[in-house]
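Biologist: Could you open the structure and talk me through how its parts pack together?
Modeller: Of course, here it is.
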Amino acid sequence: GFKSNWVKYQSRMANSWDRVNSHYGYRRSNEINQAYRLYTLALAKKPALGAMNRMREMKDLPVTAQWTLAGSYMLIGKKEVARKLVAGLSTSVASYRELSYTYGSSLREQAMILEVLTLMGDMVSGRKLVDEIAGQMVSGHWQSTQTTAYVLLAMGKFIGERDASGAI
């Protein structure tokens with residue numbers, strides 16, 4: 001029952017979400033959280049399509065939210081919608097580190113984008129991002145557990161996809 005309760009809760013949160021400046025003023029994080037919520041629901045094969053479509057129509061979403069939302073559409077087989085969402089969109093994320101709420105960082109967000117690039121099969125753009133992420137990871141700068149975990153997850157998916165295609 002754990003997964004079904006999680007899906008119910010996430011679906012309820014996704015469908016009732018609005019863009020109000022909540023969570024101590026972290027609107028950017030709030031939008032990325034919603035996009036990630038939609039992504040995880042799509043991973044669970046329980047997409048909240050109405051909430052996805054509402055978010056897709058919003059203006060001025062953070063780059064990471066747009067990429068993550070595109071990943072949600074890829075997961076449900078709406079590849080053209082996903083490609084339109086990110087057409088011409090940068091993979092760069094302005095430098096930041098959040099030491100509360102989501103513990104997000106620009107590096108974690110780049111890893112989130114890498115995960116979507118891998119899902120979309122864009123190994124050329126993905127490789128450029130892998131090189132950039134790897135450079136940041138070996139720089140000796142402290143990274144949170146959240147950032148390190150997501151970097152490892154995204155890198156593993158990218159390498160696994162490349163291995164499966166015989167491209168390495």
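This is a predicted model: local features need pLDDT of at least 70, side-chain atom pairs count only at pLDDT 80 or more; totals for chains, interfaces and linings use all residues.

Biologist: Let's start with α3 and α4: at what angle do they pack?
Modeller: Helix α3, which covers residues 49-56, packs against helix α4, residues 63-75, at an angle of about 140°, and their axes are 11 Å apart.

Biologist: So what would you call that arrangement, and what is its handedness?
Modeller: With angles over 145 degrees counting as roughly antiparallel, α3 and α4 are therefore oblique to each other, and their crossing is left-handed.

Biologist: Which residues make the contact?
Modeller: On the α3 side they are Leu49, Met52, Asn53, Met55 and Arg56, and α4 contributes Leu69, Ser72 and Tyr73. By type, the residues of this contact of α3 with α4 divide into five nonpolar, two polar and one charged.

Biologist: Take Leu49 from that list: how accessible is it?
Modeller: Leu49, which lies in helix α3, counts as partly exposed because its relative accessibility is 36%. Not counting residues up to four places away in sequence, Leu49 touches Tyr73 and Ile76. The C-alpha atoms of Leu49 and Ile76 are separated by 9.3 Å, with the two residues 27 apart along the chain.

Biologist: And Met55, what does that one touch?
Modeller: Leaving out residues up to four places away in sequence, Met55 touches Trp17, Glu31, Gln34, Ala35, Leu38, Leu61 and Leu69. Met55 is also named among the residues with the most contacts inside the largest nonpolar core, together with Leu38, Trp67, Leu69, Leu114, Met120 and Ile133.

Biologist: Then what about α6 against α4: how do they cross?
Modeller: The axes of α4 and α6 come within 9 Å and cross at roughly 30°. Angles under 35 degrees count as roughly parallel, so α4 and α6 are roughly parallel to each other, and the crossing of this pair is left-handed.

Biologist: Who takes part from each side?
Modeller: From α4 the contact involves Val63, Thr64, Trp67, Thr68, Ala70, Gly71, Met74 and Leu75, while α6 brings Glu109, Met112, Ile113, Val116, Leu117, Leu119 and Met120. The residues of the contact of α4 with α6 divide into eleven nonpolar, three polar and one charged.

Biologist: Staying with α6, is Ser106 buried or exposed?
Modeller: Ser106, which lies in helix α6, is buried, because its relative accessible area is 11% and the cut-off for buried is under 20%. Not counting residues up to four places away in sequence, Ser106 touches Val93, Ala94, Ser95 and Tyr96.

Biologist: Last one, Lys84: where is it, and is it buried or exposed?
Modeller: Lys84 has its place in helix α5 and counts as exposed, because its relative accessibility is 63%. The C-alpha atoms of Lys84 and Ala70 are separated by 8.5 Å, with the two residues 14 apart along the chain.

Technical notes: Residues are numbered from 1 along each chain as its sequence is written. Side-chain values use heavy atoms; hydrogens and water are left out. Axes are lines fitted to C-alpha atoms, for helices over the stretch in contact, and angles run from 0 to 180 degrees between N-to-C directions. Helices (H or I, at least four residues) and strands (E, at least two) are DSSP runs, numbered from the N terminus. Angles under 35 degrees count as roughly parallel, over 145 as roughly antiparallel, 65 to 115 as roughly perpendicular and the rest as oblique. A crossing is left-handed if the near helix is turned anticlockwise from the far one by less than a right angle, and right-handed if clockwise. Contact means heavy atoms within 4.5 Å. Ala, Val, Leu, Ile, Met, Phe, Trp, Tyr, Cys and Pro count as nonpolar, Asp, Glu, Lys and Arg as charged, and the others, Gly among them, as polar. A nonpolar core is a set of buried Ala, Val, Leu, Ile, Met, Phe, Trp, Tyr and Cys residues joined through side-chain atoms within 4.5 Å. Buried means under 20% relative accessible area, exposed over 50%, partly exposed in between (1.4 Å probe, protein chains only).
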